[in-house]
Amino acid sequence: MTEAELYTMYKGIYLLKEIHTPQTLKYFEEFSFRPDDIIIAAYPKSGTTWSQEIVPLIVNGGDPTCLQSPNWDRAPWLEDLLTCSLNIEERPSPRMFATHLQYNMMPPSFFKVKPRVINVMRNPKDVFTSAIHYCEKASYHVNPGPQTKFLHKFLDGKVAYGSWFDHVKSWLNAEDKEHIMHISYEEMIMDLKDSVSRMAQFLEIPLDNEVIEKIADRCLFKNMKTNSSNFSLVPPKITDMSKSEFMRKGIAGDWKNQLTVAEAEYFDAVYKDQMNDIKHKFVWD
Ligand code: PPS
C-alpha cells in the first residue's frame, strides 16, 4: 500500500492513519500535563520500548510487577489512538508517557507545565536499519521496497514521524533545558547501570545501588526479550514477527551489516550537512 493510503499529513510530517486519527490528535493537542508527568521522547526505533521498561522500574523502586501491563499501557504514546481510552486522567502520579513527535509539536500544556522529558537518541544509521526491518513486518507502514529508495525517503523525512534530523534537532534545541535529559541508545548499550542511575537522578528518585543493578540487569536485551508484555503481544496480522522479531538484535553498529559503502557514504554526507549547526557530542560521531 502507498503513503496516500496508509499515512496522514500532520504539521508537515507523515503519521500513521490507523493509529493517529483526527480524534486522537485532538485529544493530544488538548492534553493537560501534570508537573510530575514523565515523558519518553524518542524517534521510532531509538530505544522507546527499552525506556518504557526502565522508567516504570525506576518509578516503582525496581518492582517488576509494573511490567505486567504492555508497554503501550504502562507508558502510552500521547499521540496514539489507544491512549484516549486508557482513562489517563484518573491515573495516579507520576504518570509515564512516550511520544515519537517533535518538541515543537507538543501541546500548549506541555510548554506551560514543563514536565520532565527523557529524550533518547540513536545513531540514525542504526535507526534506519531497525526501521527497514520493522516496516517490512508492520502492515500499517508502507513497505520499504528497495533499500536505496527507502534510504532516500528516510533521509528526506518522507517516512512515518518525519525526519530523524528534525526530530533530534527539535529536542536538542528545546527551551527550558533543565527539564529535558538527553541520553543515547549507545550510552545505554555501553553502560546500562550508569544510564539507569542517571535517569533516576534526573527524575529525583533515590535508589540503592542494588536496585539500580537489578533494574539494569532486567533491562539487558537478553532479559527484556523474555518479557512477553512488550511488542510480542501485537497480532501477526498487524506486525508479522515471523519476518523478524520486535526485539531484533539490540546492538549498536548493525548498520555495517545493512548499508552498502555507497549508501553509508551518502548517509554521512547528508548527516554532515544536516547536523553542522549542532554542538551536542554524540557517541557515534
Ligand atoms: S518503536 O517501534 O519505535 O517503539 O521502537 P523502539 O522501541 O524505539 O526501538 C526498537 C529497537 O530497540 C531495540 N531494543 C533494545 N536494544 C537493546 N537493549 C534492549 N533492552 C532493547 N529493547 C529494545 C530493539 O531490538 C530495536 O532495535 P533493533 O536494532 O531492531 O534490534
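Guide: A pair of aromatic rings is described by the distance of the centres and the angle of the planes. Rings of Phe, Tyr and Trp (its six-membered ring) pair if their centres lie within 6.5 Å; planes under 30 degrees apart are stacked, over 60 edge-to-face, and the rest tilted. Here ring pairs join Tyr27, Phe31, Phe33, Phe97, Tyr103, Phe110, Phe111 and Trp171 into a cluster. The model is predicted: local features need pLDDT of at least 70, side-chain atom pairs count only at pLDDT 80 or more, and totals for chains, interfaces and linings use all residues. Residues are numbered from 1 along each chain as its sequence is written, and side-chain values use heavy atoms, leaving out hydrogens and water.

Visitor: How many aromatic pairs does this rule give?

Guide: The count comes to 21 aromatic pairs. In one of them, the centres of phenylalanine 33 and phenylalanine 110 are 5.8 Å apart and the planes lie at 70°, so the pair is edge-to-face. Phenylalanine 33 and phenylalanine 110 are 77 residues apart in the chain.

Visitor: Are phenylalanine 33 and phenylalanine 110 buried or exposed?

Guide: Both phenylalanine 33 and phenylalanine 110 are buried; buried means under 20% relative accessible area, exposed over 50%, and partly exposed in between (1.4 Å probe, protein chains only).

Visitor: Why is the pair of phenylalanine 154 and phenylalanine 267 tilted?

Guide: Their ring centres are 6.1 Å apart and their planes stand at 40°, so the pair counts as tilted. Phenylalanine 154 is buried, at 2% relative accessible area, and phenylalanine 267 is buried at 1% relative accessibility.

Note on methods
Helices (H or I, at least four residues) and strands (E, at least two) are DSSP runs, numbered from the N terminus.
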